[in-house]
Structures are given as C-alpha cells and as structure tokens.
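Here's a quick tour of a single chain, written for someone who likes to know the cut-offs behind each label. Have the viewer open as you read.

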Amino acid sequence: MNGKNKDKLEFHIPYLYLVITMTPIMIAALLIPTYAEHDFFIHLNLFIDKHLLGQVGLWSSNFPLASKVIANYISLAGPALGIGFCILARRNVAADPSAYGHITIAKHAIVLMLFCALLFFVIITHYIFSSDLAVRHTRSRLFGSTPVMYAFFACLQLILFYFLSVASYILFFTFRKL
C-alpha cells in the first residue's frame with residue numbers, strides 16, 4: 001500500500017472508460033428519432049422486439065424508439081460493462097482485510113442483505129418489468145420528458161451496474177479472508 005493509511009479503502013475511477021461506455025447512450029438519445037418512420041429504424045425496432053429484450057426497463061413514451069434502444073443497451077451491455085469497469089478499477093483497489101477485522105458477522109450479514117436487495121431491485125426494474133417514465137409521478141417524469149434528461153438518467157443506471165460489480169468484487173473477493 002506504499003505507506004498509505006491501511007484503514008481506508010482506496011478506489012480510483014477509470015473516467016475514460018465511463019465516457020466511452022456512456023457515449024452510445026448520448027448518441028442514441030440525440031440521433032434516434034421519436035418513432036420508427038424510415039426503413040432502418042423500422043428494422044431496428046423490429047430487431048429489438050424480435051431478437052433482444054423488447055420494451056424493457058425504464059423507458060419513455062415521449063420518445064419510445066430511442067428509449068427502447070437505450071434501455072436494451074443498458075440491460076444487455078450493462079453487466080458486461082460493469083465487469084469491464086471492475087477489471088479496470090480493481091487494479092487500483094487497495095484494501096487490507098485485517099484492518100476490517102473489528103466488523104462483526106452481523107454487520108457483514110446486514111451489508112450482504114442490503115447488497116442482495118439492491119441486486120434484486122436492479123433485476124426487477126431492468127429485466128422483468130417495464131415502466132414508462134413519462135407517465136410516472138412528478139419526480140421521475142422529469143427524466144422521461146426529454147431525450148437529454150433520459151440519457152442522463154440512463155447514464156446513472158449504467159453507473160449503478162458499475163457500482164454493483166465493484167461492490168461484488170469488494171464484498172466477495174477483497175474481504176474473503178475475514
């Protein structure tokens with residue numbers, strides 16, 4: 001750990017990776033039309049419905065095609081991109097498991113249960129149910145109102161996948177000696 005404080009868990013974010021993986025979300029939000037009117041977008045819509053996940057996750061009826069493309073990108077690529085993020089970031093994770101020896105089994109169990117609840121929530125919202133942000137309550141309707149706000153919200157969803165992969169690594173591999 002090169003003389004640094006061993007009680008702290010250090011983590012350095014690969015910002016270039018974040019920019020590269022979130023660029024398709026911004027491009028899709030800005031370039032894909034609201035409805036599939038041209039041949040390419042009609043075929044893209046049919047391909048997503050027939051061969052991918054279709055209307056899944058959090059989407060917006062104000063711009064259904066772009067939000068469908070982005071929601072499928074997040075649901076399909078999110079786990080793989082999260083693993084890639086973790087591989088890049090784990091080189092920079094410095095943790096000393098002996099520094100966390102004072103944490104009780106009960107605290108570990110609570111953290112594990114919270115992690116499982118968050119994972120369950122992500123699976124439910126991204127793979128099982130579909131929810132239209134444009135007709136939701138006032139707070140979430142903001143994200144379904146314009147493509148730019150939806151793209152921002154989608155980037156936050158992708159960051160959630162990154163968080164889950166890093167949290168998995170920390171919970172199950174870094175502290176396995178406890």
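Gln157 comes out as buried, at 6% relative accessibility; buried here means under 20% relative accessible area, exposed means over 50%, and partly exposed is in between (1.4 Å probe, protein chains only). You'll find Gln157 in helix 6, residues 147-174. Helices (H or I, at least four residues) and strands (E, at least two) are DSSP runs, numbered from the N terminus. Setting aside neighbours within four places in sequence, Gln157 is in contact with Leu58, Ile74 and His126, where contact means heavy atoms within 4.5 Å.

Some ground rules before going on. This is a predicted model, in which local features need pLDDT of at least 70 and side-chain atom pairs count only at pLDDT 80 or more, while totals for chains, interfaces and linings use all residues. Residues are numbered from 1 along each chain as its sequence is written, and side-chain values use heavy atoms, with hydrogens and water left out.

## The overall layout

The chain has six helices and two strands, running α-α-β-α-α-β-α-α from the N terminus on. Of its 178 residues, 40% count as buried. Among contacts between residues at least 6 apart in sequence, 81% join residues at least 24 apart.

As for the surface, the chain exposes about 10800 Å², with carbon and sulfur atoms supplying 69% of it. Those accessible areas come from the Shrake-Rupley method with a 1.4 Å probe, and for residues only the protein chains shown count as cover.

## Helix 4, inside and out

(The expected span is 1.5 Å times one less than the number of residues.) Buried residues in helix 4 are Phe115, Val122, Ile124, Thr125 and His126. Thr125 is called buried because its relative accessible area is 16%. Thr125 touches Gly57 and Leu58, not counting residues up to four places away in sequence. The C-alpha atoms of Thr125 and Gly57 are separated by 5.4 Å, although the two are 68 residues apart along the chain.

Helix 4 also has a hand in the surface. A nonpolar patch of about 780 Å² is made by Phe47, Leu52, Leu53, Leu76, Leu119, Ile123, Tyr127, Ile128 and Phe129. Helix 4, residues 105-128, gives the largest share of that patch, with four residues. Patches are made of residues with over 30% relative accessible area and no salt bridge; like charges are joined within 9 Å, and nonpolar side chains (Val, Leu, Ile, Met, Phe, Trp, Tyr) within 5 Å. One member, Leu52, sits in the loop between helix 2 (39-51) and strand 1 (57-59). Leu52 is partly exposed, at 33% relative accessible area.

## Ser75 on helix 3

Ser75 belongs to helix 3, residues 64-90. Its relative accessibility is 2%, so Ser75 counts as buried. The side chain of Ser75 reaches the backbone oxygen of His126 at 3.1 Å. That is a polar contact: a pair of N or O atoms within 3.5 Å, where within protein one must be able to donate a hydrogen and the other to accept it, and residues adjacent in sequence count only if both atoms are side-chain atoms. Leaving out residues up to four places away in sequence, Ser75 touches Leu53, Val56, His126 and Tyr127.

## One salt bridge

How many salt bridges does a search of the whole structure find? The search turns up one, between the side chains of Asp49 and Lys68, at 2.8 Å N to O. The pair links distant parts of the chain, with Asp49 in helix 2 and Lys68 in helix 3, 19 residues apart. The criterion is a side-chain nitrogen of Lys or Arg within 4 Å of a carboxyl oxygen of Asp or Glu. Side chains of opposite charge can pair when their charged atoms come close.

Buried or partly exposed: which is Lys68? Lys68 counts as buried at 7% relative accessibility, whereas Asp49 counts as partly exposed at 41%.

## Phe143 in its loop

Phe143 lies in the loop between helix 5 (138-141) and helix 6. Phe143 counts as buried at 18% relative accessibility. Apart from neighbours within four places in sequence, Phe143 is in contact with Leu133, Met149, Tyr150, Phe152 and Phe153.
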